[in-house]
Amino acid sequence: MSLWHNAGFMGRLTAYIFSRFRQWEHPAQVGMALALALLLVTLAVAAVGPANLRQPALIGAFGLLFAAQIIFMWANRHLVTPFTRAQRAYLAEDFATARQILETLDTAGQANVRALTLLGNTYRQLGLLGESEDALTKALNFDPADPFPRYGFGRTLLVKGLYADAAEAIARALADGAPPVVRIDLAEALYRQGRESEARPILQTDRVIVQEPYRLLLVDYLLYRMGAGEPPAAAVVRDGLPFWQDQARRFQHTPYGQALLDDVRQMQALLEEK
């Protein structure tokens with residue numbers, strides 16, 4: 001079984017190399033052809049050549065394999081998958097570009113779970129919450145146990161103001177293996193629906209794992225609002241506030257966005273008092 005699996009993998013890898021080979025620059029094509037030709041010769045010598053040449057031939061084969069890898073990486077230095085381009089656009093907050101790339105993949109039937117998850121998150125950032133829900137549902141239909149579309153689905157429900165449903169989705173994402181920091185999102189969903197007794201211990205326990213400035217501000221602010229902590233430090237507010245200001249503007253047409261607007265005003269007031 002393993003032999004057939006490995007043979008199939010090598011066949012797919014070979015097909016991939018040859019499909020890309022035609023797109024390479026001419027020097028890379030020549031270099032790879034020479035490296036492979038010499039590799040075949042050295043392997044033949046290592047297998048059936050004179051005994052005194054087999055060891056040097058084997059060492060040469062390893063060197064040629066390394067050279068072929070270098071040529072392959074250099075030749076493909078400009079090749080970036082559509083998903084990677086969409087990811088980079090998303091991280092740069094160029095959501096329109098990310099949407100265009102991912103929608104093209106989806107229309108062509110080439111969108112996998114990761115692409116559909118990113119598309120759903122992109123829609124949410126653009127305020128297209130219905131489309132976000134649809135894309136993330138489609139991703140979950142591919143793999144219901146994948147925690148990342150489940151978490152994205154929960155975030156979209158949270159932004160829509162469906163806090164109980166959001167808490168349920170985020171809790172399931174955590175059960176399916178989402179990173180522990182996602183518990184902060186669960187606590188926020190619980191807080192938004194008035195379940196402070198459940199949100200408070202999560203925030204108190206998990207504050208130590210928070211690294212992002214915006215998450216740290218949220219944790220300290222919510223604990224303060226629940227009477228379980230001091231007001232956030234001025235530095236914490238300054239570092240984390242721009243994110244929440246942006247979120248409040250982006251989702252101001254939703255119940256969540258309206259709640260955030262009030263929170264942002266409270267955060268700004270805390271900063272002015274310090």
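Which residues in helix 12 meet which residues in helix 14? Let's work through that and two more exercises together.

This is a predicted model, in which local features need pLDDT of at least 70, side-chain atom pairs count only at pLDDT 80 or more, and totals for chains, interfaces and linings use all residues. Residues are numbered from 1 along each chain as its sequence is written, and side-chain values use heavy atoms, with hydrogens and water left out.

**Exercise 1. Describe how helix 12 packs on helix 14.**

Step 1: find the partners. Leu217, Tyr221, Tyr224 and Arg225 of helix 12 meet Asp262, Asp263, Gln266, Met267 and Leu270 of helix 14. Contact here means heavy atoms within 4.5 Å. Helices are DSSP runs (H or I, at least four residues), numbered from the N terminus.

Step 2: get the geometry. The axes of helix 12 and helix 14 (residues 255-273) lie 12 Å apart, at an angle of about 90 degrees. That makes helix 12 roughly perpendicular to helix 14. For axes, lines are fitted to C-alpha atoms over the stretch in contact, and angles run from 0 to 180 degrees between N-to-C directions. Angles under 35 degrees count as roughly parallel, over 145 as roughly antiparallel, 65 to 115 as roughly perpendicular and the rest as oblique.

**Exercise 2. Characterise the lining of the largest pocket.**

Step 1: count and locate. The lining has 38 residues, and Tyr90, Asn121, Arg124, Gln125 and Tyr151 lie nearest the pocket centre. A pocket is an open set of points on a 1 Å grid over the protein atoms alone, where a 1.4 Å probe fits, with protein on both sides within 12 Å along at least five of seven lines; lining residues have an atom within 4 Å of a point.

Step 2: name the sources. Elements giving two or more residues to this lining include helix 4 (82-91), helix 6 (113-125) and helix 12 (213-225).

Step 3: classify. The lining of the largest pocket divides into 22 nonpolar, 6 polar and 10 charged residues.

Notes:
Nonpolar A, V, L, I, M, F, W, Y, C, P; charged D, E, K, R; others polar.
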